[in-house]
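User: I would like a close look at the aromatic ring contacts in this model. Please take the pairs one at a time.

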Amino acid sequence: MKYKVTHLTKYRYSNTVNLCYNEARLLLRNTPFQNCVQTELKISPDVSDYRERKDFYGNKIAYFSIEKPHDELIVTSESYVETVNQYGRIPENHQLRYKDALVSLKDQAPFDSEFFKQFQLHSPLIPAHPEIMSYALQSFESNPLLLEGVMDFMRRIHGDFKFIAGYTTIATPLADVIREKKGVCQDFAHVAIAGLRSLGIPASYVSGYIETYRKDTPNLMQPLIGADASHAWVSVYSPDVGWVDFDPTNNKIPIGEHITNSIGRDYSDVSPLKGVIFTSGHHKLSVDVEVKRLEQFPKFFNDSIAYQL
């Protein structure tokens with residue numbers, strides 16, 4: 001499936017900003033199930049400095065500064081990406097039992113590396129929680145295979161937690177989400193990761209987008225929760241098949257409509273745009289996301305764009 005993804009972020013300041021430094025994770029990355037044909041940023045006002053790099057997790061980062069007075073910042077990410085079906089279900093060749101997987105994870109050489117350990121340990125927004133281990137373990141006691149247990153855990157989160165837009169913020173502690181059983185996609189991803197890591201299962205936070213299902217397509221009548229905005233889900237490592245994504249908000253394994261932007265330990269690693277401004281007063285933030293399915297990509301891309309990978 002081919003998509004054009006547009007992510008527009010606008011800051012409006014009550015007083016003039018004289019200087020700002022920013023870091024954007026809005027340039028889509030490639031994955032085994034995703035090929036980013038083109039990804040770019042358009043920034044207004046014009047930047048004074050612009051650089052790109054990759055972080056520890058392989059995410060594309062754009063650093064930029066604006067060193068002149070401005071009362072508005074507009075950052076638009078525009079990407080063309082092609083995705084393939086990531087299964088839509090648990091892979092047929094998965095036969096690894098949960099308890100055997102834990103033994104295998106300890107013995108595998110990759111888990112001696114710093115990279116994989118990041119997804120087994122606690123992280124800034126996913127601390128240890130006394131109740132989450134017993135809650136997660138219920139799924140694996142009745143489902144001996146690792147990924148079947150993960151799928152059941154996602155199903156239970158989907159059923160036990162209620163999606164309420166605006167009920168939480170990024171500052172809402174995980175303990176509050178678990179107690180209230182209400183939140184949004186980033187909260188459900190954090191709950192899932194907390195439970196999996198408490199059992200020793202590597203799990204990463206995936207930030208990206210999801211297609212709004214089109215009403216003119218017979219088998220795509222029901223819109224997915226989290227569409228038309230940034231979305232979050234979970235990727236779980238199984239030694240026999242590798243990384244497999246799960247979306248607890250929609251109780252499913254992606255089939256191509258999920259578009260990955262960044263991965264990390266939790267939301268703090270993948271914030272789309274953050275920075276420092278020199279001003280006083282308040283600001284107003286607005287974000288608009290559009291995920292548009294295409295029959296084919298444009299034959300010619302704009303060669304005049306300044307910030308293109």
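Is Y205 buried or exposed, and at what relative accessibility?

Analyst: Y205 counts as buried, at 2% relative accessibility. Buried means under 20% relative accessible area, exposed over 50%, and partly exposed in between, with a 1.4 Å probe and protein chains only.

This is a predicted model: local features need pLDDT of at least 70, side-chain atom pairs count only at pLDDT 80 or more, and totals for chains, interfaces and linings use all residues. Residues are numbered from 1 along each chain as its sequence is written, and side-chain values use heavy atoms, with hydrogens and water left out.

Now the pairs. Rings of Phe, Tyr and Trp (its six-membered ring) pair if their centres lie within 6.5 Å; planes under 30 degrees apart are stacked, over 60 edge-to-face, the rest tilted. The count by this rule is 19 aromatic pairs. Take F116 and Y237: the ring centres are 5.5 Å apart and the planes at 65°, so this pair is edge-to-face. F116 lies in helix α2 (residues 114–117) and Y237 in strand β10 (residues 231–238), so the pair ties together parts 121 residues apart in sequence. Helices (H or I, at least four residues) and strands (E, at least two) are DSSP runs, numbered from the N terminus. F116 is buried, at 14% relative accessible area. Y237 is buried too, at 11%.

Back to Y205. Its ring centre is 6.4 Å from that of Y267, with the planes at 80°, so the pair is edge-to-face. Y205 sits in strand β9 (residues 203–210). Y267 is in the loop between β12 (258–264) and β13 (273–278), 62 residues apart from Y205.

Ring pairs also link F56, Y57, F115, F116, F119, Y237 and W243 into a cluster.
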